[in-house]
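I opened this entry to look up how two chains meet. Confidence comes first, then the contact surface.

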Amino acid sequence: MTSSSRPAIVRTFMTHEMSDSDIVAVSTGREAEFKRIMGAISRSRAASPGTLQHVVLYGSRGFGKSFMMRRVEIALGQHDHGDGPVRFLLLPEEQHNLQKNPYALLTYITVLLKQQDSDAAFEEAKFQWPKPGEAARRWTEAAEKLEQALDHSLPNGQGLVVVAVENFDTLLATLFAEEEDEQRLREWLFRSGNRLMLLATATGTVDMDYDRPLFQAFETVRLTPWTTEDCITYFNRKRESEGKPPLDAPQEAKARAVAEFIGGTPRLAQLLGEVIETEDALSVSATMDALADRLAEYYRRRIEDLSPLVRGLLDALIRGGEPASQTELAQRVGADGQNQIARAMADLQRADIVRGRSALDSRETLYTVTDRVFAHYYRLRQGSRTARATPLASILDFLRSFYTRDEQRTHGLRYLMDGRVAQGALLSRLAMEGMEIGQNFFVDEFPHRLQAYLSAATVDFGDVGLLVKRLNEEPEQVLQECRQSSAGVEIDTAIRATIIAQSLYRLGHAEEAKQQIVKEIQVSNVDLTVYVILLLEYIPFRCSKRSHLKKNVELSMTLKEKELEQLPPLLRVHAYQALGWSLGYLGRHAEALEVFRSAVDLARQVGDRREEVVSLRLTASPLSKLGLYSEALQTYALVFGLARKITNLSQFLYAFIDCLLLAQRVPMPGISGLFAEAVLIARANPSLAVVAMHLDLHEVLIAALQAGELDAFDAVIAEHGDWLVNQRPPYVFREDGEHLAAIAAKDGRMAGWRAMASMLPRLAHLQALTPDPNRNRTWLRTLMTLFARACRDPGLLRDVAGLLTPDLSPEAEASAALLRDLARVDEADVPERVLSRMDPDRALVIRRLRGLPDPEPPRRQGAGRKTRR
Amino acid sequence: MRLKIHYGTAVTGEQRFARPALEQRLNEAMQSSNGVKMFGLRRIGKSTLRECAIEELKRQKIPYVSLDGQGLTSLSDFMTKWMSLLLKEQNWLQGLLRTAAKSPLPLLVDAFTKGTPFDETALDAYWQGVSSAILDSSQAEPPPILIVDEFSMFIDNLVRRHGPDKANRLLASMREWRGAGVRMLLTGSIGMQWLAREHCLNHEHLNDLQHFEVPELTETEAREFICAATDAATWTPAHTEALLRETGGLYPCFLVKALLEVGMAQPKDPADFATIFADCVRPNLHEDFFRQFDRRLKAYAKLPGNQYREIVVPILKAVMAAEEPCPADNLPGADPLDRAEVLDMLKEDGFITCTVDASYKRKWKPASRLVQAWWMQRGLA
């Protein structure tokens, strides 16, 4: 048996078996209650014989009532009874001999008083068949015998006997169900000259029922759940008694999780303490199972203590999912309203089974079962499939707080690799909570790459669509299958490695995913197909990390030396795309164009329209870069046409975003129509939102300006502006200013002024549409700075300054002043004269923009120092 | 600490907080009438007051016998207990046994003294004889005062075991005996008015007894109580004020409960009292008491006709809302007799109480801080 499946030691909490020193050593968090009981005993001792203070200690099961009885016993044993003896009689926890006959309780106490140390008491106190009609007489007789026993037992009949009766509520129900019997009991408890104090423990009511004779006949002491601090103290006391050092910080964090999990039930703290030492999640789960099993009786009783309606409500809470508000619960059980279940909820809380916490986002109180082992037990016993199939699933909330995220991830990975996929996946997903993988190239484009890889496979991997669907839904199963399979040749192994990497990535194990591919690259540098598959998988993986562009380019460039013609065509298309992209990155646009064109041809040959459209789109980029604008425009037209034809919406959007680079320089007729189309596509397909997030409105605006299609642009903004600014806040780039200056340089001052006059209110409008936190407050200054640098026409500078009205931006005035001063500087024969009288801050900006030298050279080092003579 | 506090039952001696005026009033009532009935809420100090009366009887050497109605379920139970206590009053008992020679009474005494079996049916059959014998003997020489604690519990047992007729017979006989000089002090935590209504008993049988009510402590008394139960070295006036502010009722049991929770020798910080009461006292103790009012109020809904809506609730609302004690004439209800009966019922059940002015007009007010707290908490105001 491995350590992972061995439960930590589970012992039932038997206080009767614990040594006195153990009891004292680990007693925790009950000082106030202990003092109350000892105070009552002391008052009873002082009053005896007389009216004694009887006590009932209330507490839910497992809250330490028996433990407290032992503590009292020990304390009384150590007490110096200068004022007469106090004898402590602890009745056995369960009293099956006491049935039907109320007087049997008195007889039992009498027997114990007389023969406490021998087993005669056990034999003598046997059950007697009840005789109807004699209850009263027998009770009186038994009471008299008990008085005699007290006379004998106490020296000179003086002193006090404390009789501890556990589960007194049960005893009342079995022995004193008849009202007159309970009346007799009350009368007996408060008879004159009494020397016997009752110290009862109970879970349910003993003295709370107004209509019962014992109503408010006791001093009541209540055991409340332990606080987290109590639990920590307990763990440390226990460790100290075992010679272990106190909990260190990580262990304490775990101990807090345990404390939280058990809802402050001391019995569970004792039983679950061992878990803190455990590293292994499955053994924690096994311990929980063992605990739930061992505590079955305990939990069953806790449930049985509840009345039927209360029990039903608890069931609805656990089955329907926690936490839940009272209103929600009322709906769940079909009650008429929260009022109807309020009483039952109060009982559940009074029994310390559920606890309410205020919801942070509303005024509601949300309820959960405090003891999570209890909830676990309940799910197991009530036939929850999840609880049975995945041991960890039902203690998720525990694992969540017990392990750090790193631990969850590490354990998760280990289980996945050990073949315990369900557990592994569960812990892995736990580690990923709140940090779900965003969309990226590595994951999103995998289906297309996989299609290409499978064209080289020698074994059947099944349908790509199905495989990808399973990868998304149950990556752990796909992982397991791939790891168990060894069919096929090296190529198949490489494909499997990519699938394994994808599975691991989807379960949050990015680093391990990468290792899967790297490992295979290292062992398979020989076969070209294998190399290409792994390379194609490795590059986008790194893409998803963003920061490895150069390395990726380097890797892709290795393909240039390979004889790619040997590859299966579809795989070759992908290889060309990767190679072409690298060439483009390196500025080798002509070579890139050639490679992309090969990709287009090949895709056409194999009839893969998707790869054709991708390759075509890629071709347009080097065409633009090479200044072959009309050919680039034609290519984009083809791309849009083909994308529409094969309804490849994502490629349509990518193409639109790509083409903006060109359209900002060259008028691209129809750009605003494409914009409208792209927006409709993105809005209708939430899965493409990620693409829409790359759409820069200021680029579209300049493209529309260039094409003279501003009205159509305005129409799109009017309809979709709110949505658009929420996808990506509208930025303004410095380059936009250059674009505008370029228009003026090319078509004259009037054209430049018109362009600026069209742009400014539209950019301001986009900012106004944007929710406040996302607004770009410096957009005007950003735009004007590079416009100012690129524009050397003082007249235009002044004209544009005239456009900068305060309604555009609070920065308008400062920007206008800059442009005007710049015009003055540009016009001046000796710019320095103007600059020297100018606001020094603005002068500094102008010097930077125009590359003018600073008026004074920087002070030499040490120049400021004066030497004293 | 002069007062040794106790929670759970009647107390005497060092455990009892003296209420001289109240005790004096009870003693006077006992001596000036056929006797006293003291029925009302549980745990408000009736039994303690009864114990106090007994002490006074002892002091004055007035003979009495005291028995507890709890656990008694039949006429023979009651008679056996009474007679057994009268054994020490041999003269009177012998006289009675002579008078009742032909009744089962001697057998009953024998049954008790010699342990021979006794049949309840015999007592039933010869009850008239037994009752008359007691009547005759009492006229000749009054027997010791009969004190029965939890008398209404016994009557309740009797009714449930044997039906209302037997209980009515006993109540009628007891009234006759009182007329012949058997003085009685009957106490109980179940209201006899309510029992009578519930089981169709004739509550006229108790009309000759003086009703005695145990009020809450006044605030001054409550301060004295707290002062007596605590140690001046550690307990400050701030503690007292905080406790009085938080406690829902001024009955001794509420004060004791509160003191036990906050500690007496080393009390907790007065600033924490509000939390202690909110967490430990009110949800338990007060709730238990409040339930009593809930149940009674619910039981009234079963009253015949529309009495609950037309009389009971309007009267309760009027009394609870009034800032000054309310004259009966100002209260709702068309028929004055009907109204008076309802007022008595509400009084016995602890909802309201009254003062009587010089012109014998009763003025009604809420019976306690506790009932006011209940009224508020239940949103009835």
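My notes on confidence and the interface follow.

I am working from a predicted model, where local features need pLDDT of at least 70, side-chain atom pairs count only at pLDDT 80 or more, and totals for chains, interfaces and linings use all residues. Residues are numbered from 1 along each chain as its sequence is written, chains are lettered from A and ligands numbered from 1 in the order in which they are written, and side-chain values use heavy atoms, without hydrogens and water.

I checked pLDDT, the predictor's confidence in each residue from 0 to 100. Chain A has a mean of 84, with 90% of its residues at 70 or more. Residues 1-12 of chain A stay under 50, yet the model gives them 26 contacts beyond four places in sequence (contact: heavy atoms within 4.5 Å). Residues 862-869 of chain A are also below 50, with one contact beyond near neighbours in sequence.

Next I turned to the interface. I find 30 residues of chain A in contact with 33 of chain B. The two chains bury about 2,900 Å² between them, 38% of it on carbon and sulfur atoms; this is accessible area (1.4 Å probe) lost on being put together, summed over both.

I then looked up salt bridges (a side-chain nitrogen of Lys or Arg within 4 Å of a carboxyl oxygen of Asp or Glu). The rule finds four across the interface of chain A and chain B. Arg36(A) forms a salt bridge with Glu261(B), with the closest N and O atoms 3.2 Å apart.
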